Amino acid sequence: MSGLYSPILEQAGFLKRKAADVVEQWVAQLDGAMQSWALSGPIVIPENSDFKYTLYIQSFSDLTEGVLSGTDFYMRFLRQADVSFFQRYCQLNVSGAAFPIFSENNTNPRNGNFNKISIIRNSEGIFSQINNGELIRERSFTGGAFTITELGKFSSSYFDGVIYGFEVEINGVLTNQIPLTNKAQGATQLATVGNVNAFMPNYTDAVWRKP
């Protein structure tokens, strides 16, 4: 009889249901040379749709770094020596048009803190960049559908730091979510929303640390 479940006994306090397992949170430190998060398939943003990319980053680097990239769309940080036009290191490129995101008055996104960055497009083609809840800049871009295929890399520039908490919303609906915080999953981090996962090339267990 000890194996039987009784809701009456549970309500009386004699039985306790087992609590759900808690997934321990870690973050992965990319090496800036060979490691990134390659997506298992493209995340496609349809033409004339609202969308929002969100990710958390931490970096101390002053090198050129790819943050996210795909077809006709990328974001990267530039070296301080290259900021005469692209102040504060960050450039968004859509359909070949450059968008310097951080102005001289904005907080340096590579200050060693965990910074939440969002890129938003509305149906009128207005792009907005949000840093830790603060609107940094807006600009109108022409352009249609595009895709994201990789985090922490653009061309030959790799991100030297942490990227986690990646989410995509399309027309107000959360379509993709990849936390990138599950050490037990190793090199292949599984999505919690959507069917696009992330894989780290040149993975080692040493990438993981507590946030």
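This is a predicted model: local features need pLDDT of at least 70, side-chain atom pairs count only at pLDDT 80 or more; totals for chains, interfaces and linings use all residues.
**Ser 61.** Leaving out residues up to four places away in sequence, Ser 61 touches Arg 110 and Asp 160; contact means heavy atoms within 4.5 Å. I found Ser 61 in the loop between strand 3 (51-59) and strand 4 (65-70). Strands are DSSP runs (E, at least two residues), numbered from the N terminus. Is Ser 61 buried or exposed? Ser 61 is buried, at 11% relative accessible area; buried means under 20%, exposed over 50%, partly exposed in between (1.4 Å probe, protein chains only). Its side chain reaches the backbone nitrogen of Leu 63 at 3.0 Å.

**Conventions.** I number residues from 1 along each chain as its sequence is written, and side-chain values use heavy atoms, without hydrogens and water. Local features need pLDDT of at least 70 and side-chain atom pairs count only at pLDDT 80 or more, while totals for chains, interfaces and linings use all residues.

Beyond its neighbours within four places in sequence, Phe 73 has contacts including Tyr 53, Phe 127, Asn 93 and Ile 148.

I then followed strand 14 to strand 15 (residues 173-178): they run antiparallel, joined by 5 bridges. Pairing takes at least two DSSP bridges. Glu 167 has Gln 177 as its bridge partner in strand 15. The two strands form a hairpin with 2 residues between them, and Asn 171 in the turn has a positive phi of about 50°.

Methods:
Helices (H or I, at least four residues) and strands (E, at least two) are DSSP runs, numbered from the N terminus. A polar contact is a pair of N or O atoms within 3.5 Å; within protein, one must be able to donate a hydrogen and the other to accept it, and residues adjacent in sequence count only if both atoms are side-chain atoms.
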